[in-house]
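I opened the model today and went through it piece by piece. My entries follow.

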Amino acid sequence: MFGMNRMIAPVLSLITPLVLACSHPPPGRGASELETSPGSQTNVKVETVVGNLEVVWSIVWAPDGRMIFTERKGRVRVFENGKLREAPLFTVPDVEPGGESGLMSVALHPQFASNHLLYLSYAYNSGDGQRVRVARYRETPGGFTDRKIIIEDIPATYLHAGCRLRFGPDGKLYITTGDATKRELAQQLDSLAGKTLRLNDDGTVPSDNPFVGRANARPEIWTYGNRNSQGIDFQPGTNLLFETEHGPSGFDGPGGGDEVNILERGKNYGWPVIHHRETHEGMESPLLEYTPACAPGSGMFYRGAAFPQFKGNFFFGCLRGTRMIRVTLPSCRQSGKSYGREVRPDPRCRRRAGWLDLFLDFESRWSWQSG
Ligand SMILES: [Ca+2]
């Protein structure tokens, strides 16, 4: 059981960098309130650091301490020295902001400190419907320059448009895509929809991608059979690629079935042939599965030092119920312990295991918002 000081740790762990940068935290909904999740023994303290934002989709930290984040309407914003910079760092001119898409992810180049390159994923109108592209820019004192298209013409609609960006420990850029509500595309290797893609930092295709040289297959593909993923991160220490994925919504399958997967080179994650806990030869079933849906909109490992008890835990924010879920990934010998929800033991448990340790219900401006 956590003591009170530890009980308030969860949310502070996520916003501590903001709090430290902000000498006078602005008042707002949730400020200094203690909230309790009915599903756990944990209290959390919620503080609003920046208000009046529109659907914050992605946050990164620059080496100089700035927080750079996106708003779905197309703005790239900066929070620095305890306050929000009033003018956007950049506004994407050709963004299609409707539905779940708009401006989505931002990722910094691994050598951002020296080359100032950053990447944005966003929906645009192709003239033949909505698509998603990834563009690279160079940040200069005069603004963003040197725009380069990394990949585009990724199928999308106002639903199921992906699109999370994350550089891997191998220096490659990983990109999640949605099935664009055409679920059969997720199994088609000639389509970029419903996939995870892997590219070099300049947009060229790495020669060791799994489908390079295969007829009727896009060489950018790393994994397939993914319905709509909006969270990926690499586990510190193992470099395993963890992913969150939205399960069916009712119109395309029985509701629920949200997933946490470990994505591995060339593998098929089943959609739409299997979903929830179904199994099929040659397809991967999820590591964790959530029914009813929690609608995972993100995913990241805690790498901070402020809260050692969270070190290496996997967190994701949920569009449904505006909550966060924390997953601990202990040794297999400890699996079977669970709080709040049943978690299926992973058949691959010989080398990995997961269970849901606790989940936190709270409302915050930093929760990812739907609609
Ligand atoms: Ca799946």
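**Core**

I began with the largest nonpolar core, which has 65 residues; V106, Y119, Y122 and I175 touch the most other members. A nonpolar core here is a set of buried Ala, Val, Leu, Ile, Met, Phe, Trp, Tyr and Cys residues joined through C-beta atoms within 7 Å. Buried means that 20 or more other C-beta atoms lie within 10 Å of the residue's own; exposed means 12 or fewer, and partly exposed is in between, with C-beta atoms placed from the backbone. Strand 9 (residues 117-125) gives this core its largest share, 6 residues. Strands (E, at least two residues) are DSSP runs, numbered from the N terminus.

I noted that this is a predicted model: local features need pLDDT of at least 70, side-chain atom pairs count only at pLDDT 80 or more, and totals for chains, interfaces and linings use all residues. Residues are numbered from 1 along each chain as its sequence is written.

Two strands pair if DSSP finds at least two bridges between them. Strand 10 (residues 130-140) pairs with strand 11 over 8 bridges, in the antiparallel sense. I found K148 in strand 11 as the bridge partner of R136.

**Loop**

Is P93 buried or exposed? P93 counts as exposed because it has 7 C-beta neighbours inside 10 Å. P93 sits in the loop between strand 7 (90-91) and strand 8.

Technical notes: Helices (H or I, at least four residues) and strands (E, at least two) are DSSP runs, numbered from the N terminus.
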